[in-house]
Amino acid sequence: MTANKREIFVSVDVETAGPIPGEFSLLSVGACLVSDPGITFSCMLKPINERADPDAMKVAGFTLDDLRLRGVEPKEAMIRFSEWLDSAVCRDGKVVFVGFNAPFDWSFINYYFHRFVGRNPFGFTALDIKALYMGATGCMWTDTRSSEIAEHLKPTLSGDHDALHDALYQAELFRLVRRISGLDMPRTSF
């Protein structure tokens with residue numbers, strides 16, 4: 001029964017070749033457990049097509065040619081990610097996707113899990129750090145940019161568009177937002 005399962009928060013970040021899954025490729029995935037950021041997953045993927053937005057590719061720091069050589073086939077990447085989630089989560093745990101601008105990252109993860117594995121271990125929802133911060137502080141949506149949040153929360157890490165580094169940074173932001181909201185959880189809960 002889902003109600004009895006512990007929620008295991010997993011910070012996930014992606015780099016992509018463009019704005020929407022299916023039309024553009026998922027290029028890399030980084031993930032870590034929020035409660036134990038030393039438990040990580042990282043993978044670069046081969047592109048599924050030739051479409052690439054130049055601005056997205058500049059941000060990601062990859063070329064499609066490079067990923068065709070160094071990346072993992074998407075099906076293998078998503079199987080590895082699924083297996084990592086299974087191994088990182090105890091039997092009574094339920095993984096919860098946590099992201100900074102979670103709708104974007106989750107949409108690629110959801111598409112790739114369904115296309116290449118047949119199911120998304122995270123289910124059909126994601127927890128967005130930006131929305132959580134807005135709710136915790138009462139700020140305006142325009143004040144939820146990562147630079148604004150970092151100025152307020154003073155994290156020790158920073159984002160650099162490396163999917164794993166950004167997942168670690170997001171995990172720290174999530175813990176800090178939980179702290180300021182008064183919703184600190186015991187380490188065993190997340």
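The model is predicted, so local features need pLDDT of at least 70 and side-chain atom pairs pLDDT 80 or more, while totals for chains, interfaces and linings use all residues. Residues are numbered from 1 along each chain as its sequence is written, and side-chain values use heavy atoms, without hydrogens and water.

**Helix packing**

- Helix α6 (residues 146–153) packs on helix α7 (residues 163–180) at about 55°, with the axes 11 Å apart. Helices here are DSSP runs (H or I, at least four residues), numbered from the N terminus.
- S146, I149, A150, H152 and L153 of α6 touch Y169, L173, L176, V177 and I180 of α7 (heavy atoms within 4.5 Å).

**Salt bridges**

- Seven salt bridges occur in the structure (a side-chain nitrogen of Lys or Arg within 4 Å of a carboxyl oxygen of Asp or Glu).
- In one of them, D65 pairs with R68 at 2.2 Å, N to O. E50, D65 and R68 are linked in a salt-bridge network.
- R70 pairs with D66 at 3.0 Å, N to O. Both lie in helix α2, four residues apart, about one turn.
- R80 pairs with E76 at 3.1 Å, N to O. Both lie in helix α3 (residues 74–88), four residues apart.

**Accessibility**

- D65 is exposed at 51% relative accessibility (exposed is over 50%, buried under 20%, partly exposed in between; 1.4 Å probe, protein chains only).
- R68 is partly exposed at 31%, as is D66 at 24%.
- R80 is partly exposed at 38%, and E76 is partly exposed at 36%.

Conventions
Axes are lines fitted to C-alpha atoms, for helices over the stretch in contact, and angles run from 0 to 180 degrees between N-to-C directions. Helices (H or I, at least four residues) and strands (E, at least two) are DSSP runs, numbered from the N terminus.
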